[in-house]
Amino acid sequence: MTANASARAIKPELLRTYTEDFNKDRANLIAADAAVSAGVLKAATDYRGVRALPRDFSIELKQGSITDQERSGRCWMFASLNALRYELMHRWNLEDFEFSETYLFFWDAMEKSNTYLENVLRTLDEATDSRLFEAINESPADDGGWWQMFAALVNKYGLVPKSAYPESENSRNSDDFKQYLNSKLREFAAELRRRSAAGASEDELRALKDEYMGTVYRICAVALGEPPEKFDFFARTKDDDEDKKGEACKCKAEADADGKAESCKCGDSCKCEGKSDAKACKCDKDKSDKPKTGKDERPQIREIGITPLEFYKKYVPVDVNDFVTLANAPLKNRPFNQRYRIRFSANVAEAGDMEFVNVPLDVFKKAALDQLTADHPIWFACDCTQFALRKDGFFDQSVVRVDQLFGTEFTGDKAHGLEYGDSPSNHAMTFTGVNLGEDGKPNRWKVENSWGKDAGKDGYYVMSDAWFDRYVTELIIRKEYLDDATRALLTTEPVELDPWQPLTRRCR
């Protein structure tokens, strides 16, 4: 061994020192017993931190049943649809609803395949080992994505309820399907590059690409089944009487000065003759006098042969284009109050690349609070692995005390986590609540996840405000809840970023 090599090695005498120091400290031995037996996260769980994060919230939105992306990387899609279904449910008075995630999954696979091949044609002069081509070729049609990818798909293909295109084995567990789709796409890429080198024209190459896309469609249709062009939709609205649990419907006002009763809270026009001593509406009594038949008489919504785009435009009361991606990335080379665009990041080729506006934390958080306070959920992205208890449903550094377990502090801040790739955005979820302290500031957030009802507390997580500040990097905010300065940035020329730089990783 050379002297230089010896200097680089772990020295035996140092190893002896390490083990002596380890065994002298009783805390190390207890920590090792706990971690070896129960695993790092369980051994590091601090019950005091758990108790400091109760699961009640001063602002809380009523959402539908918890969804489950299972073994797929569709979190960004689930979080987007969860935000939209809330709006649909409350617009149409539905007890529950779920969109078809598989429908968008099919078209996302098609669009990513097409965009990958288009990107291959755009970079024919790049060597296969160039940094740009390696970034393009890394994951041609993998599952991950962002809100803007979702919006591009909805704009082009619309939406359908889950009943019209349910889950399949390959949407629940997508690895095998995507493995062979990606393999075929890379074969197509190699052939396009070979034909180009042999002198094929751009028109000839694009015609070949169109032929290849026929194979892509066949792979997607075999794996997932063909998506519907039209479908029938049926739903029943909530029973208001059921909400009242049998109580008589009280009028909003028993009688005004003229003795006329106003409409009932149940939403029906009150047919009572208003009297000052009225305690219940006659219309309510009339209902109770009707014989019970067992028939479900709730109002129905029925659509026959509606298209996905028609369904989206008719039943979803928000426009996916009215949302903006806000980021909080305190990086020196990503100044705040600037609009950015990520090259080669589109899934739908003609829709354009992903964009975001980088803003300071106070602006970032105020937008979130304003939107939740106005009763609208929020799509967000974060690093879901850091200081998190997946099974128990906590995001908080005071709950996961790995610092105490290992006897060392973890001091990296948000900028460090992004710059060094230690805490990139890797998962998207939905904020459906927040708790405000006596000072009016948030101290914990309610998170709707897409890992099924057995993860967290019935599918929901609680996040400390400190964890929000450190690990939440992206929010999807309605334009109406942006401040004037941020809204003005939407018309500025974006700074372009390369696809391997921080904030370019897709959520899965």
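## Surface, core and charged pairs

L15 is partly exposed, with 46% relative accessible area. Here buried means under 20% relative accessible area, exposed over 50%, and partly exposed in between, with a 1.4 Å probe and protein chains only. L15 sits in helix α2, residues 12-24. Helices (H or I, at least four residues) and strands (E, at least two) are DSSP runs, numbered from the N terminus. With I10, L14 and Y18, L15 makes a nonpolar surface patch of about 410 Å². Patch members have over 30% relative accessible area and no salt bridge; nonpolar side chains (Val, Leu, Ile, Met, Phe, Trp, Tyr) are joined within 5 Å, like charges within 9 Å.

This is a predicted model: local features need pLDDT of at least 70, side-chain atom pairs count only at pLDDT 80 or more, and totals for chains, interfaces and linings use all residues. Residues are numbered from 1 along each chain as its sequence is written, and side-chain values use heavy atoms, without hydrogens and water.

**The whole protein**

The protein has 508 residues, and 47% of them count as buried. Its secondary structure comes to 20 helices and 14 strands. The accessible surface is about 26,100 Å², and 48% of that belongs to carbon and sulfur atoms. Areas come from the Shrake-Rupley method with a 1.4 Å probe.

Helix α6 covers residues 75-92. From first C-alpha to last, its 18 residues reach 25 Å, close to the expected 26 Å. That expected span is 1.5 Å times one less than the number of residues. Of the 18 residues, 15 are buried, so α6 is largely enclosed by the rest of the structure. N93 follows α6 with a positive phi, near 60 degrees.

Q69 lies in the loop between β1 (59-60) and α6. Q69 is buried, at 2% relative accessible area. Beyond its neighbours within four places in sequence, its contacts (heavy atoms within 4.5 Å) include R74, C75, F78, H427 and R508.

**Aromatic pairs**

The whole structure has 28 aromatic pairs. Rings of Phe, Tyr and Trp (its six-membered ring) pair if their centres lie within 6.5 Å; planes under 30 degrees apart are stacked, over 60 edge-to-face, and the rest tilted. F97 and F311 are stacked, because their ring centres are 6.4 Å apart and their planes stand at 25 degrees. F97 is in the loop between α6 and α7 (101-122) and F311 in helix α15, so the pair ties together parts 214 residues apart in sequence. Both residues are buried. F311 also pairs edge-to-face with F231, at 5.6 Å centre to centre and 65 degrees between planes. F231 lies in strand β2, so this pair ties together parts 80 residues apart in sequence. One aromatic cluster takes in W92, F97, F99, F231, F233, F311 and Y315.

**Salt bridges**

The structure holds 36 salt bridges. Each has a side-chain nitrogen of Lys or Arg within 4 Å of a carboxyl oxygen of Asp or Glu.

| Pair | N to O distance |
|---|---|
| K24 and D21 | 3.5 Å |
| R444 and D56 | 3.0 Å |
| D143 and K178 | 2.7 Å |

K24 and D21 are 3 residues apart in helix α2, so about one helical turn separates them. K24 is exposed, at 67% relative accessibility, and D21 is partly exposed, at 40%. R444 is buried, at 9%, whereas D56 is partly exposed, at 44%. D143 is buried, at 3%, and K178 is buried, also at 3%.
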